[in-house]
Amino acid sequence: MIQYERAVNSISTQVQAGLRHDPDSKPLRTQYDGLKELKRRVESIDKQLKKGMALKTVDLLDEAYGALDALGEEFEGSRLEAYRATLYLRSCHAFSRVRRHELAKPACDAAVAQDESVEAYAARAAALERDDAYDDAVRDWRAAVEAAGGERADAERLQWTDDAGDSFDLRRRLMDCRRLEDQWENLQHLYMGFDDKEEAKKFRRSAARITYMSLERADLGQASKEIAKHMARPRIGDE
């Protein structure tokens, strides 16, 4: 999120410079206090995300959007767009973690539309993985790699830190997601044969867990293929 933070800090620096020039300016003082409060709220959001407290983060995001809207009355034009973009990015992370994919998608899309950066593409890719949309996730991981300079870029540029504070090589995430995509395709007919939609949904969640776990255990990757081969069930009408 470094790129967003630079834009946000630039706004705050400009207001501080104005206050030094005119310390008695009430509009500038209001802007400064509002930005300081908004920054405090964003820091609280980041702290909860790193703790894995996604539900708490969602509540804090609602408050932050409210504070941003109130602050918008003090600024002209699009000077607060950097703040809105960073909230979109955090919403993308938080909503996808609590499986509110219908809310995560527009937040992720808005973050990318605001700034086609490594952070935005990677956040949306991670959210798409959580929604089992591996083909779209592969597309965004690839876009993140390209935004970082391509697969031959310096290793430091290809490092991405997620909302939990963990660092990853973008090329590795792209490769892992391709594996997930292949394994998910192998597992598709595990639940396609179910006539009961709820039963199929439960089985799909189990298949998704196996797919995720197989990233760390190669034996599960083979197991998922064997399951797909031997456990697919025909529809009742086909028996």
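In the predicted model, the largest nonpolar core comprises 30 residues, of which Ala 122, Trp 141, Trp 160, Leu 170 and Cys 177 touch the most other members. At least two residues of this core are supplied by each of H4, H5, helix H6 (118–130), helix H7 (134–147) and helix H8 (170–192). The greatest contribution comes from H6, with 9 residues. When neighbours within four places in sequence are set aside, Cys 177 is in contact with Glu 129, Tyr 134, Ala 137, Val 138 and Trp 141. Another core, of 21 residues, lies apart from the largest one and has Ile 11, Leu 61, Leu 71 and Leu 80 among its members.

Helix H4 (residues 81–97) packs against helix H5 (residues 101–114) at an angle of about 145 degrees, and their axes are 8 Å apart. The crossing of the two helices is left-handed. On the H4 side, the contact involves Glu 81, Ala 85, Tyr 88, Leu 89, Ser 91, Cys 92, Phe 95 and Ser 96; these meet His 101, Leu 103, Ala 104, Ala 107, Cys 108, Ala 110, Ala 111 and Gln 114 of H5. The residues of this contact divide into 11 nonpolar, 4 polar and 1 charged.

H4 itself has 17 residues and spans 24 Å from its first C-alpha to its last, close to the 24 Å expected at 1.5 Å a residue. Because 13 of the 17 residues of H4 are buried, this helix is largely enclosed by the rest of the structure. Just after H4, a positive phi of about 65 degrees is adopted by Arg 99.

How values were computed:
Residues are numbered from 1 along each chain as its sequence is written. This is a predicted model: local features need pLDDT of at least 70, side-chain atom pairs count only at pLDDT 80 or more; totals for chains, interfaces and linings use all residues. Side-chain values use heavy atoms; hydrogens and water are left out. Axes are lines fitted to C-alpha atoms, for helices over the stretch in contact, and angles run from 0 to 180 degrees between N-to-C directions. Helices (H or I, at least four residues) and strands (E, at least two) are DSSP runs, numbered from the N terminus. A crossing is left-handed if the near helix is turned anticlockwise from the far one by less than a right angle, and right-handed if clockwise. Contact means heavy atoms within 4.5 Å. Ala, Val, Leu, Ile, Met, Phe, Trp, Tyr, Cys and Pro count as nonpolar, Asp, Glu, Lys and Arg as charged, and the others, Gly among them, as polar. The expected span of a helix is 1.5 Å times one less than its number of residues. Buried means under 20% relative accessible area, exposed over 50%, partly exposed in between (1.4 Å probe, protein chains only). A nonpolar core is a set of buried Ala, Val, Leu, Ile, Met, Phe, Trp, Tyr and Cys residues joined through side-chain atoms within 4.5 Å.
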